[in-house]
Amino acid sequence: MSADRPSPKTRFHPERLLPYACIAAAAALLASELTTTFQFVPAGGEAQCEQQAADRHSLALGVIAVFAIGAVFVAVLGASRPAAIAVAIAGVAALALFLIVDLPDANSVGTLGEQCTSIPSQFDAKAVPQAGFWLEMVGALALSFSGAILATLTPNQLAALRPRRGRGAERDD
């Protein structure tokens, strides 16, 4: 070994962070499902009501997030390329849900009725994005990109991402 190259034991391997990035992105999606997506604010007034992500998607993002986390574990621990591809597909599904369902409603103005407020009359309000909207966007984008990168790895590369204790008696001599 040359003196200018670090030993394999001390070399940093950024690709080992990829499964953690996928899991963090899926966790952001799961968190977005439990938070407020929009507040409805009339012109010049205060928020009259809010809408949770679970009400908008019927917990679909939560199901996608849990599926993605499971697929990451199967991909890494089982060195399964189909499971890695499933992570990417879950990311694309979450991104499609965000682009089709939530993004068109952001900052749109519409009529609120009795179902949203106790005020009997209808009035116009703007859908102002809240933390759940932004978490969903970041989680969907991150899961799409990190899942796509994970899907490009070979089974040998996926096996190399396993935790050290899970790879057996391996020597770097």
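Mentor: From the N terminus on, the elements of the protein chain run α-β-β-α-α-α-β-β-α-α. That comes to six helices and four strands. Helices (H or I, at least four residues) and strands (E, at least two) are DSSP runs, numbered from the N terminus. The model is predicted: local features need pLDDT of at least 70, side-chain atom pairs count only at pLDDT 80 or more, and totals for chains, interfaces and linings use all residues. Residues are numbered from 1 along each chain as its sequence is written, and side-chain values use heavy atoms, with hydrogens and water left out.

Trainee: What pLDDT does the protein chain average?

Mentor: pLDDT is the predictor's confidence in each residue, from 0 to 100. The average here is 83, and 82% of the residues score at least 70. Over residues 166-173 the pLDDT is below 50. Beyond near neighbours in sequence, that stretch has six contacts in the model; contact means heavy atoms within 4.5 Å. Where pLDDT is low, the predicted coordinates should not be read in detail.

Trainee: How do I read two packed helices? At what angle do the axes of α1 and α3 cross?

Mentor: Two packed helices are described by the angle between their axes and the distance between the axes. Axes are lines fitted to C-alpha atoms, for helices over the stretch in contact, and angles run from 0 to 180 degrees between N-to-C directions. The axes of α1 and helix α3 (residues 60-77) cross at roughly 165° and come within 8 Å. Therefore α1 and α3 are roughly antiparallel. Angles under 35 degrees count as roughly parallel, over 145 as roughly antiparallel, 65 to 115 as roughly perpendicular and the rest as oblique.

Trainee: Is the crossing of α1 and α3 left-handed or right-handed?

Mentor: Left-handed. That means the near helix is turned anticlockwise from the far one by less than a right angle; clockwise is right-handed. Residues of α1, including P19, C22 and L30, meet residues of α3, including A60, I69 and F73. By class, this contact of α1 with α3 has 14 nonpolar, two polar and one charged residues. Ala, Val, Leu, Ile, Met, Phe, Trp, Tyr, Cys and Pro count as nonpolar, Asp, Glu, Lys and Arg as charged, and the others, Gly among them, as polar.

Trainee: At what angle do α4 and α5 pack?

Mentor: Helix α4 (residues 81-102) and helix α5 (residues 131-151) pack at about 150°, with axes 8 Å apart. That makes α4 roughly antiparallel to α5. Their contact has 18 nonpolar, three polar and three charged residues. The crossing is left-handed.

Trainee: Now single residues. Is L18 buried or exposed?

Mentor: Buried means under 20% relative accessible area, exposed over 50%, partly exposed in between (1.4 Å probe, protein chains only). L18 counts as buried, at 13%. L18 lies in helix α1 (residues 18-33). Leaving aside residues up to four places away in sequence, L18 touches S146, I149, L150 and L153.

Trainee: What does A71 touch?

Mentor: A83, A86 and V87, not counting residues up to four places away in sequence. A71 is in helix α3 and is buried, at 7% relative accessible area.

Trainee: Where is S58, and what is its phi?

Mentor: S58 sits in the loop between α2 (53-57) and α3. Its phi is positive, about 55°, although S58 is not a glycine. S58 counts as exposed, at 64% relative accessibility.
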